[in-house]
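Please open the structure in a viewer and keep the selection tool at hand.

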Amino acid sequence: MNWPVLAARAHAPSAQCCEEIIMRIELDLPDDIAQALQSADLPRTAVDAIALEGYRSGKLGRGQVQRLLGFSTPMQVDAFLKEHDVYLNYTMEEYEKDLATLERLRNKEAASTKRSA
């Protein structure tokens, strides 16, 4: 039994190229599994699973997940990952950098408040 073709969209990495690259994945499923999944939106479920596993394994970044799933904002990616109990790949280095930025902004705001008082 041939199951419907699953399509995942990706954009060519070259800024000069406006051509879309399509990868087609075709699955052959045993009849009992095909019957069990018949009511599900299998193509979308498969693309979601590819995005989740790609992100979990570190092979895909948030921007790539956003493009693959057709989301318009990074916040949609964050919500999708949270919905599937996948946490952001947030390193200690990124945390320390964000903490330093926050401290710098707080100091800048405090200095601005002192000048205006």
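This is a predicted model: local features need pLDDT of at least 70, side-chain atom pairs count only at pLDDT 80 or more; totals for chains, interfaces and linings use all residues.

Residues are numbered from 1 along each chain as its sequence is written, and side-chain values use heavy atoms, with hydrogens and water left out.

**The core.** Select Val 47, Ala 51, Leu 52, Tyr 55, Val 65, Leu 68, Leu 69, Phe 71, Val 77, Phe 80, Leu 81 and Val 86, the 12 residues of the largest nonpolar core.

**Val 86.** Next, centre on Val 86; leaving aside neighbours within four places in sequence, Val 86 is in contact (heavy atoms within 4.5 Å) with Leu 52, Tyr 55, Arg 56 and Leu 81.

**Helix α3.** Now select residues 62-69, where the buried residues (under 20% relative accessible area) are Val 65, Gln 66, Leu 68 and Leu 69. These residues cover an arc of only 165° around the axis, which puts them on the same side of α3. Just after α3, Gly 70 takes a positive phi of about 75°.

**The surface.** Finally, select Leu 88, Tyr 90, Met 92, Tyr 95, Leu 99 and Leu 102, which make a nonpolar surface patch of about 600 Å². Leu 102 lies in helix α5 (residues 92-116) and has a relative accessible area of 38%.

Conventions. Patches are made of residues with over 30% relative accessible area and no salt bridge: like charges are joined within 9 Å, nonpolar side chains (Val, Leu, Ile, Met, Phe, Trp, Tyr) within 5 Å. Accessible areas come from the Shrake-Rupley method with a 1.4 Å probe; for residues, only the protein chains shown count as cover. A salt bridge is a side-chain nitrogen of Lys or Arg within 4 Å of a carboxyl oxygen of Asp or Glu. Helices (H or I, at least four residues) and strands (E, at least two) are DSSP runs, numbered from the N terminus. Buried means under 20% relative accessible area, exposed over 50%, partly exposed in between (1.4 Å probe, protein chains only). The arc is that of the directions from the helix axis to the C-beta atoms. A nonpolar core is a set of buried Ala, Val, Leu, Ile, Met, Phe, Trp, Tyr and Cys residues joined through side-chain atoms within 4.5 Å.
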